[in-house]
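Q: Could you walk me through the salt bridges in this one?

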Amino acid sequence: MSNSTMFLVITLLFILARLTAAGNMNPFVGVCDGRNGDNLPPPAQIVSLYKKINVAGIRLYEPVPDLIVSLQGTGLLVALGPRNEEIKTLAERYEFALNWVKTFIAPYKNVAFSWITVGNEVIEGEIGRYVPQAMKNLKAALTEIGNSKIHVTTVISTASLANSYPPSAGVFKPAITELITEIVSILSSTDSPLMVNVYPYFAYASDPSHVTLEYATFRSTSPVVTDGKYQYTNIFDASLDAFNAALEKINHGSVKVYVAETGWPTRGNVPYTSVENARAYNQGLLKKLTTGNKGTPRRPNVPVMTFFFEMFNEDLKEGEVEKSFGFFDPDMAPVYDMWNINVSSYNKEGYSWVIWTMLIITSLFLFYFI
């Protein structure tokens, strides 16, 4: 076999292996990695689990250096936020923002940082007013170190809306409209998404007489809400379109809305919390994001990148509900069959060695016998 033919064969085999490893990846699906636990697995095992369930992204609420190191070369899209208490300093001191990106972004050349989330539901609080300038400083710092393609955004909740029903009536609260307008102006100029936290569980649990379980968990087979020409079979889509309508009202309807958190707890508030309800909601959402129309009735052609909350149950959170959003217990046993894998039979270090061993054996066979 000629050297050129050998090179071609190895290249094709490498491409095949990459396709085999990534072919089932869900490109609009990520999972949040909360750290409020004292019994969480080591970073390498966490990252291996993310790869095993074939999601596209991971959300980190603050820099975790050991975990970031383990993300190198994985291709996982990373949403990373500074700690909320750092936002004021990030806004007031550009050199602090520059040092932040030099410390937590620049050294990790092979990590696919995609979004910096400046603040998690802080807009209505005291530090909310610092978010726009912190975003500008971080974006400028990223540009200075040569990473201008990373999007800088913030995360807000449905509490930011003064009205959300029907979805076309969505509007931001008057007290924060000016601040939100400034933020989305920045997002519009950088083609970055607004990130939102959406929890149909809380809507259902707080008002079960008016919100049906079927509507909350993607099990309605016919429209529950008709809003002009738009029809809604689930709260998730209705909530996102309330944000879309609110953005239109401040003349920024072109800004995409992504979901930074959504999920359903398995314990703590019977009968609203249960494995069955969590499975129905999360699997229903996963099906929506991976099959058919991935947008919303108001934005049918705009896929919504969505981060599920969360990978592991966090034992240091307050209250049983808050501790119970995880897909896995800290020992990596599935809470329920969300991702169709059996972790107990899964080598937590991954199967990449199998692929490479097969590649080497096949290459040697072709070299000597063809």
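What follows is a short exchange about charged side-chain pairs.

Q: What should I know about the model before we start?
A: This is a predicted model, in which local features need pLDDT of at least 70 and side-chain atom pairs count only at pLDDT 80 or more, while totals for chains, interfaces and linings use all residues. Residues are numbered from 1 along each chain as its sequence is written, and side-chain values use heavy atoms, with hydrogens and water left out.

Q: OK, how many salt bridges are there?
A: The count comes to 15 salt bridges, where a salt bridge is a side-chain nitrogen of Lys or Arg within 4 Å of a carboxyl oxygen of Asp or Glu.

Q: What does Arg59 pair with?
A: Arg59 forms a salt bridge with Glu261, and their closest N and O atoms are 3.4 Å apart. The pair links distant parts of the chain, with Arg59 in strand S2 and Glu261 in strand S11, 202 residues apart; helices (H or I, at least four residues) and strands (E, at least two) are DSSP runs numbered from the N terminus.

Q: Are those two buried or exposed?
A: Both Arg59 and Glu261 are buried, meaning under 20% relative accessible area, with exposed being over 50% and partly exposed in between (1.4 Å probe, protein chains only).
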